Every structure is written in C-alpha cells, then in structure tokens.
Amino acid sequence: MLNLFKRCIPKLTSALHKGQCGRIGVVGGSFDYSGAPYYVAMTALRLGADLSHVFCSKAIAPSIRAYSPDIIVHSTLDSQNVADTVQWFPRLHAGGLQESVGTEEALKKVSDSLGGCAILLKGAEDVLYSRGQVVVNNSPAGLSRCGGQGDLLSAATALFAHWAQQYSKSNP
C-alpha cells in the first residue's frame, strides 16, 4: 500500500507548471475560527500542492491574509451571488468544506451539487461519502484530540486524492 501511495506523488520536473501538482480550495472559517481554513491551506502547500485558495467572509479575510502571503484569499462568502465563489471551483483539483453538512442524505446532496465529488467529514465518527457509498470509521483513536487535526486531515485527503486521480489517469 505504501509503495502504491509513493507512486502517486508527482515527480517534480521542469516540464511542470504552477498548479499541476495541486490547486486546493477550502470554503469556510468564521470570526472565531479563522485559523481553520488557514491550517487546511497551509497543510496542502506544505505537503506539495502548488496553490491554496481560501473562500471566506470579508470579516476574516484580512486575518487569513496576514497569516501567510502564500494563500490566495477570496472574500466572497458574504456575496449575495453564489457564483462569486462557485466560479472558481472548476479551476480547483480538490477542496475542503469547513462547515458540517450533517446527515447521509445531506452528504449526497452536497456531493451531487459539486459534481459527484467525495466528501470526508471529520468527527467522533469519520464519514466518507464517495460514488454513492458511505463508509464510517468509528475505530477508537486518541481520546484527547488537539484542535486542527481535522483541518490537517482534510488538506492531506484532498491533495492525495487529486494525486491518486492523476496517477490513475496516466497509469490505467
């Protein structure tokens, strides 16, 4: 399994251009939790993504920009026009939602509205919805969970899913 995973990691060559190793987006954040989208964006960059976009409200955009100049921040979530945010999605390879979408049925609706993408919800039970199937991981983990682990997991999952998809396209 580890060897297969290693093969999915793109080889850096002079033929690549910015964005080919991953354009990751995260939607979310709030006045109290402006660090969450920052952690997702920076984790993706540190793992090897080329670009990280954060879609947030105008109120928290300055603080996220202040955390790092490497993150592309779009303060579009306050807009009355959803297209201000959604127009960017086709340019992204993968992303994370910072807000819970709730039930299995809600997962399906969100996935379908985003073109059938896989959705991972981090929580007491981790839930993965992909291609009409729901997988629940309720195995015990450390009971003392530090904040931000779900943010790191969502970034890694989004980026690695993109790399695996790219690998499977070039190695059928």
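View 1. The model is predicted: local features need pLDDT of at least 70, side-chain atom pairs count only at pLDDT 80 or more, and totals for chains, interfaces and linings use all residues. Residues are numbered from 1 along each chain as its sequence is written, and side-chain values use heavy atoms, with hydrogens and water left out. Phe31 sits in the loop between strand S1 (23-27) and helix H2 (35-47). Helices (H or I, at least four residues) and strands (E, at least two) are DSSP runs, numbered from the N terminus. From Phe31 to Phe89 the C-alpha distance is 24 Å, at 58 residues apart in sequence.

**View 2. Val27 in strand S1.** Val27 counts as buried because its relative accessibility is 17%. Its C-alpha atom lies 8.6 Å from that of His53, 26 residues apart in sequence.

**View 3. A nonpolar surface patch.** Leu120, Leu128, Val135 and Leu153 make this patch of about 270 Å². Patches take residues with over 30% relative accessible area and no salt bridge, joining like charges within 9 Å and nonpolar side chains (Val, Leu, Ile, Met, Phe, Trp, Tyr) within 5 Å. A salt bridge is a side-chain nitrogen of Lys or Arg within 4 Å of a carboxyl oxygen of Asp or Glu. Areas come from the Shrake-Rupley method with a 1.4 Å probe; for residues, only the protein chains shown count as cover. Leu153 belongs to helix H6 (residues 149-170). With a relative accessible area of 30%, Leu153 is partly exposed.

**View 4. Gly148, in the loop between strand S7 (133-137) and H6.** Gly148 is partly exposed, because its relative accessibility is 22%. Gly148 and Lys122 are 26 residues apart along the chain, with 11 Å between their C-alpha atoms.

**View 5. The second largest pocket.** Its volume is about 260 Å³, the space filled by probe spheres set on grid points joined across faces, edges and corners. A pocket is an open set of points on a 1 Å grid over the protein atoms alone, where a 1.4 Å probe fits, with protein on both sides within 12 Å along at least five of seven lines; lining residues have an atom within 4 Å of a point. The lining has 14 residues, with Cys8, Pro10, Gln166, Tyr167 and Ser170 nearest the centre. Helix H1 (2-8) and H6 each give two or more. H6 supplies the largest share, five residues.

Conventions. Buried means under 20% relative accessible area, exposed over 50%, partly exposed in between (1.4 Å probe, protein chains only).
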